[in-house]
Amino acid sequence: MAKGRSVARVASALSELGLGGRSRELPDSTRTAAEAGAALGCEVGQIVKSLVFRLPSTDTAVLVLASGSTRVDVGKLSAVVGETVEQASGAFVRDRTGFAIGGVAPVGLVAPVTTYVDRGVLGWDHVWAAAGSPRTVFDATPDELLAATGGTVVDVAE
Ligand code: 5CA
């Protein structure tokens with residue numbers, strides 16, 4: 001999927017969710033949480049990582065949204081989903097979300113993916129997530145992000 005199309009897909013999904021106009025393209029890379037924090041001049045904790053994991057038994061994806069300052073504990077996530085998950089390959093991420101790693105957005109996926117939101121995301125007034133490319137982000141309150149993704153709040157931080 002071309003980068004422009006992924007960015008447009010996210011912008012359109014945000015509009016449909018009542019969050020139109022929230023995406024922005026930055027001059028600097030936002031490929032990682034650290035880079036995004038530097039580019040935006042915000043705390044790295046306010047960057048939401050969109051991490052894709054694979055459930056081997058069914059070859060399905062789950063999406064975990066976590067604060068940029070936390071690491072996801074794969075054991076805790078496995079307990080939540082009921083089987084041992086594995087971190088997805090770049091090809092799997094692209095196939096199931098339509099996004100390349102570094103630009104995986106929590107909305108505008110090519111097909112619905114069960115989404116979990118780590119509790120650490122909720123501690124901020126305002127957060128930023130990738131918007132379809134490694135130079136685009138959108139801003140939301142944690143409540144808006146929960147509503148937009150239909151995510152379930154979990155405690156999966158290390
Ligand atoms: N644009 C930023 C946030 S605004 C961003 O996308 N950050 S991220 O954390 O959601 O995406 C980077 C994540 O992709 C890394 O934390 C890592 O979990 C995952 N990742 C990076 N390289 C690989 C790889 N080769 N294979 C699988 N996952 C990877």
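Predicted model: local features only at pLDDT ≥ 70, side-chain atom pairs only at ≥ 80, totals over all residues.
Trainee: What is the volume of the largest pocket?

Mentor: The residues closest to the centre of this pocket are Arg31, Lys49, Ser50, Leu51 and Ile101, and they belong to a lining of 26 residues. The space in the largest pocket is about 550 Å³.

Trainee: Which element gives the most residues to the lining of the largest pocket?

Mentor: The elements that give two or more residues to this lining are helix H2 (33-40), strand E2 (47-55) and strand E6 (127-130). The one that gives the most, with seven residues, is E2.

Trainee: Is Ser133 buried or exposed?

Mentor: Ser133 lies in the loop between E6 and strand E7 (136-140). Beyond four places in sequence, Ser133 touches Lys3, Val7, Thr30, Gly102 and Gly103. Its relative accessibility is 2%, and because a residue under 20% is placed in that class, Ser133 counts as buried.

Trainee: With which side chain does the side chain of Ser133 make a polar contact?

Mentor: Ser133 is found in the loop between E6 and strand E7 (136-140). The polar contact spans 3.1 Å, and the partner is the side chain of Thr136.

Trainee: Why does Thr149 count as buried?

Mentor: Thr149 is found in helix H5 (residues 142-149). Leaving aside neighbours within four places in sequence, Thr149 is in contact with Leu65, Pro106, Val107, Thr115 and Val117. Thr149 is buried because the limit is under 20% and its relative accessible area is 16%.

Trainee: Which residue has its backbone nitrogen 3.1 Å from a polar atom of the side chain of Thr149?

Mentor: Thr149 lies in helix H5, which covers residues 142-149. The backbone nitrogen at 3.1 Å from its side chain belongs to Gly151.

Trainee: What is the relative accessibility of Val107?

Mentor: Val107 lies in the loop between helix H4 (90-97) and strand E5 (114-118). Not counting residues up to four places away in sequence, Val107 touches Val10, Ala13, Leu14, Leu17, Phe99, Phe138, Ala148 and Thr149. Val107 counts as buried, and its relative accessibility is 5%.

Trainee: How far apart in space are Val107 and Ser23, C-alpha to C-alpha?

Mentor: Along the sequence, Val107 and Ser23 are 84 residues apart. In space, their C-alpha atoms are separated by 12 Å.

Trainee: Which residue has a side chain joined to that of Glu86 by a polar contact of 2.6 Å?

Mentor: Glu86 is found in strand E4 (residues 86-87), and at 35% relative accessibility Glu86 counts as partly exposed. Beyond four places in sequence, Glu86 touches Phe53, Arg54 and Pro56. The side chain joined to Glu86 by the polar contact of 2.6 Å is that of Arg54.

Trainee: Which residues does Val74 touch, not counting residues up to four places away in sequence?

Mentor: Val74 is found in helix H3 (residues 74-81). Val74 is partly exposed, with a relative accessible area of 35%. The residues that Val74 touches are Phe53 and Val85.

Trainee: What is the phi of Asp59?

Mentor: Asp59 is found in the loop between E2 and strand E3 (60-67), and it counts as partly exposed at 32% relative accessibility. Although Asp59 is not a glycine, its phi is positive, at about 55 degrees.

Conventions
Residues numbered from 1 in each chain as written. Heavy atoms only, no water. 1 Å grid on protein atoms, 1.4 Å probe; cavity = no way out; pocket = protein on both sides within 12 Å on 5 of 7 lines; lining within 4 Å. Points joined across faces, edges and corners; volume = space filled by probe spheres on them. Helix = DSSP H or I, 4+ residues; strand = E, 2+ residues; numbered from the N terminus. Buried < 20%, exposed > 50% of the residue type's maximum accessible area, 1.4 Å probe, protein only. Polar contact = N/O pair within 3.5 Å; in protein donor to acceptor, adjacent residues only side chain to side chain. Contact = heavy atoms within 4.5 Å.
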